[in-house]
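User: Hi! Could you take a look at this one with me?

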Amino acid sequence: MNFQRVFGTLPKTHASAPGRVNLLGEHTDYNDGFVLPSAIPQRTLVQIGFSSDNRHHFYSAEYDELINVSDDDTIPQKFVSYICGCIRLVEKEGYKIPPINLYITSNVPIGAGLSSSAALEIATLRGLRALFNIPLDDLKLAQIGQLAEIRYAGLNCGIMDQMASSLADTNSMLLIDTRTLKYRALPFPTGTEILVIDSGETHKLAAGSGYNQRRAECEAAAQLLGVKALRDIDEPQAVEVLPEPLKKRARHVVTENNRVLEAMKSLPAERFGQLMNASHTSQRDDYEVSTPAVDALAAILQETRGVFGARLTGGGFGGACVALVESTKAGVIASEAIARYQRAGYTGRILVPQVQVNS
Ligand code: GLA
């Protein structure tokens with residue numbers, strides 16, 4: 001399939017955006033805290049043309065599904081919710097979007113915690129911006145993408161994924177202060193590279209998931225502590241007055257935030273890795289967003305020679321682990337770790353570095 005086969009015309013424009021992997025700072029973004037993501041090589045590509053009737057037509061090559069939506073339809077809770085959300089929010093900004101045909105292809109893994117939805121939102125918004133000459137900057141696109149996810153896909157998320165997809169590259173980490181939305185690129189620790197392995201356990205975060213519940217718990221904790229957000233607490237002891245489970249949730253956020261603040265000071269790889277390992281423990285025991293499969297994968301990575309540190313990345317409840325490893329060794333380390341993971345009874349997948357397929 002291609003655009004012309006599906007829609008019978010040629011596209012007018014195309015745009016793309018990457019998925020992201022978060023190195024440190026998990027579940028801190030909706031607490032006004034700090035995060036440290038990087039873009040991954042995998043991208044989502046959209047091609048856009050004009051519709052010949054009064055409906056939008058969206059085709060996903062991954063799902064091999066065509067969905068038609070008119071302006072007053074209820075938006076189906078499928079991949080189109082992200083696209084329709086973006087279109088409607090751009091219109092709310094005052095830019096009319098006529099009916100379009102939109103074709104999506106993507107190699108960002110779905111359900112691995114690498115922000116396939118943010119990649120789709122930012123690719124769509126970039127495409128709309130190009131086609132209709134809309135003067136919105138990259139940060140504004142991220143804000144619209146986040147709102148689309150909250151209002152139209154039911155995930156009460158923070159802004160990390162959309163800012164990473166819109167503003168990060170694969171050669172550095174993007175330090176974001178999610179309260180002020182100030183950001184800057186930082187180099188990876190000297191002599192390192194990134195490895196990402198999918199645990200094979202698909203995560204699903206939207207409505208009804210533990211994700212929204214965690215966010216509500218953090219807000220309740222902040223209220224009880226009398227602060228605007230958990231970002232305002234520096235001392236982990238301050239959370240001791242809270243009842244469980246709010247105490248452990250808040251402890252994760254406060255310690256995680258402190259880990260990012262330490263990590264931004266150009267640390268040696270060994271110390272950065274220790275912070276990643278501590279982050280995993282905190283996600284597992286305090287935030288309770290890990291799973292046995294993810295814990296097994298993180299432990300295997302942490303024990304593998306050449307790995308400085310490894311942790312669950314993304315929203316959790318399944319998904320992938322990120323590891324910081326000795327540079328140029330990621331491929332070898334990944335093969336070794338995945339073989340051990342398989343011997344433990346699981347099926348994983350190396351996502352970064354990308355395996356080159358010759359066809
Ligand atoms: C998901 C959300 C982000 C962030 C992470 C956890 O990816 O979309 O906003 O909260 O989970 O760090």
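**Around the ligand**

Analyst: Happy to. Around the ligand (a heavy atom within 4 Å) are Arg20, Glu26, His27, Asp29, Tyr30, Cys157, Gly158, Met160, Asp161, Tyr211, Gly314 and Gly315. This is a predicted model, where local features need pLDDT of at least 70, side-chain atom pairs count only at pLDDT 80 or more, and totals for chains, interfaces and linings use all residues. Residues are numbered from 1 along each chain as its sequence is written, and side-chain values use heavy atoms, with hydrogens and water left out.

User: How far is the polar side-chain atom of Arg20 from an oxygen atom of the ligand?

Analyst: That distance is 3.1 Å. Glu26 has a side-chain N or O atom 2.6 Å from a ligand oxygen, and for Asp29 the corresponding distance is 2.5 Å.

User: And how much of the ligand's accessible area does the protein cover?

Analyst: The protein covers 98% of the 310 Å² that the ligand has on its own (Shrake-Rupley method, 1.4 Å probe).

User: How does the shell divide into nonpolar, polar and charged?

Analyst: Four residues of each kind, with Gly counted as polar and Tyr and Cys as nonpolar.

User: Which domains does the shell draw on?

Analyst: At least three residues come from each of domain 1 (3–186) and domain 2 (192–352); those bounds come from an automatic or database domain assignment.

User: New topic: which residues line the largest cavity?

Analyst: His56, Val69, Ser70, Asp71, Cys84, Ile87 and Arg88 line the largest cavity, meaning they have an atom within 4 Å of a point on a 1 Å grid where a 1.4 Å probe fits but cannot get out. The space in that cavity is about 40 Å³, the volume filled by probe spheres set on the points.

Notes:
Polar contact = N/O pair within 3.5 Å; in protein donor to acceptor, adjacent residues only side chain to side chain. 1 Å grid on protein atoms, 1.4 Å probe; cavity = no way out; pocket = protein on both sides within 12 Å on 5 of 7 lines; lining within 4 Å.
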